[in-house]
Amino acid sequence: LLAARGYTPRVVIDCGANTGQWMGLADRVFPGTTYHAIEPQAKCVERLRALTAVRSGLSVHHTALSVGTTATVRMIGGGDGAGTGNYVAAPGEHSPDEVTYPATTLDSLVADRVGRDDRALVKLDVEGHEIEVLRGAAAILRVAERDEVTPDELKKDKETFRAQLLNERRNLFYSAYMTKGKEKMNIQINN
C-alpha cells in the first residue's frame, strides 16, 4: 500500500524484529533499503546477525526499547528467547520465565543515523510497550514519514490505547497505521 502511493523509505527501523520475518516481507517491497533490526532476545538476535551475511545494509541492535528513564526491561513468556509471545512485564508482575534485558531509547540508538531525507519507516511490534517506546522516540518520529504500530496483544482497550497514542504525539504531525490481525485503525493528527 505504501509503495503503491509512491512512498519509498531509504531507512526502515524494525522495533521488535524477532527473527526478521516482517523485515523479509518489507525488503521485497523496498529492496536496497537500509534496515535497523532491534530485538532484545538473544536467540532471535543470533538469527538476525546471520542475515547480515546475506543482506547488506542491515544493522542489528541487541537491546530492548523504552523511555529514557528505563535502563532495563523485564519480559515474560519468551520461553527460550527464540520465539514470540513474550511481553513487557507490568510493574509488580513476575513469572519464573522472566528475563531482564538492557534497554535504551530509539532516539539514543539511531537518531544520529536517520534524517528527513531518509523517509524513514518505523515499525513497532513491542508487545504492549508501544507508548513507552514512542516516549523515547521524539527525534526519530520528527523525521519519520510513516509509523506503523503493531500492538500484538493490547492489554488496554482500543480506545484507551488510541487516546494515549494521541496524547503522546499531540505536538507532532504524522499518520499512524496500527494493525491488530486484520483490523486497521488510521489516526491522523493535524495540530
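Mentor: Let us begin with accessibility: a residue is buried under 20% relative accessible area, exposed over 50% and partly exposed in between, using a 1.4 Å probe and protein chains only. The model is predicted, so local features need pLDDT of at least 70 and side-chain atom pairs count only at pLDDT 80 or more, while totals for chains, interfaces and linings use all residues. Residues are numbered from 1 along each chain as its sequence is written, and side-chain values use heavy atoms, leaving out hydrogens and water.

Trainee: Are Lys-123 and Asp-14 buried or exposed?

Mentor: Both Lys-123 and Asp-14 are buried. Another salt bridge, between Glu-98 and Arg-74, spans 3.1 Å from N to O. Glu-98 sits in the loop between strand S6 (87–88) and strand S7 (99–104), and Arg-74 in strand S5 (residues 72–76), so parts 24 residues apart in sequence are tied together. Glu-98 is partly exposed at 26% relative accessibility, as is Arg-74 at 22%. A further salt bridge links Arg-113 and Asp-112 at 4.0 Å, N to O; Arg-113 is partly exposed, with a relative accessible area of 45%, whereas Asp-112 is exposed at 69%.

Trainee: In what order do the four strands of the open sheet lie?

Mentor: Strands of a sheet pair through backbone hydrogen bonds, either parallel or antiparallel. Two strands count as paired if DSSP finds at least two bridges between them. In this open sheet the order is S4-S7-S5-S6, with mixed pairing. Strand S4 (64–65) and S6 are the edges, each having a single partner strand, so one side of each lacks a neighbour in the sheet. S4 and S7 run parallel, joined by two bridges, and Leu-65 has Thr-104 in S7 as its bridge partner. S5 pairs with S7 in the antiparallel sense over four bridges; Pro-102 in S7 is the bridge partner of Thr-72. S5 and S6 are also antiparallel, over two bridges, with Met-75 facing its bridge partner Val-88 in S6.

Trainee: Which residues touch the most other members of the largest nonpolar core?

Mentor: Such a core is a set of buried Ala, Val, Leu, Ile, Met, Phe, Trp, Tyr and Cys residues joined through side-chain atoms within 4.5 Å. The largest has 20 residues, of which Ile-13, Cys-15, Leu-106 and Val-122 touch the most other members. At least two residues of this core come from each of S1, helix H3 (106–110), S8, helix H4 (130–135) and helix H5 (138–143). A second, separate core of 14 residues includes Met-23, Val-45, Leu-48 and Leu-121.

Trainee: Where is Phe-30 found?

Mentor: Phe-30 occupies the loop between helix H1 (21–29) and strand S2 (34–39), and it is buried at 6% relative accessibility. Contact means heavy atoms within 4.5 Å. Leaving out residues up to four places away in sequence, Phe-30 touches several residues, among them Leu-2, Tyr-35 and Leu-121.

Methods:
A salt bridge is a side-chain nitrogen of Lys or Arg within 4 Å of a carboxyl oxygen of Asp or Glu.
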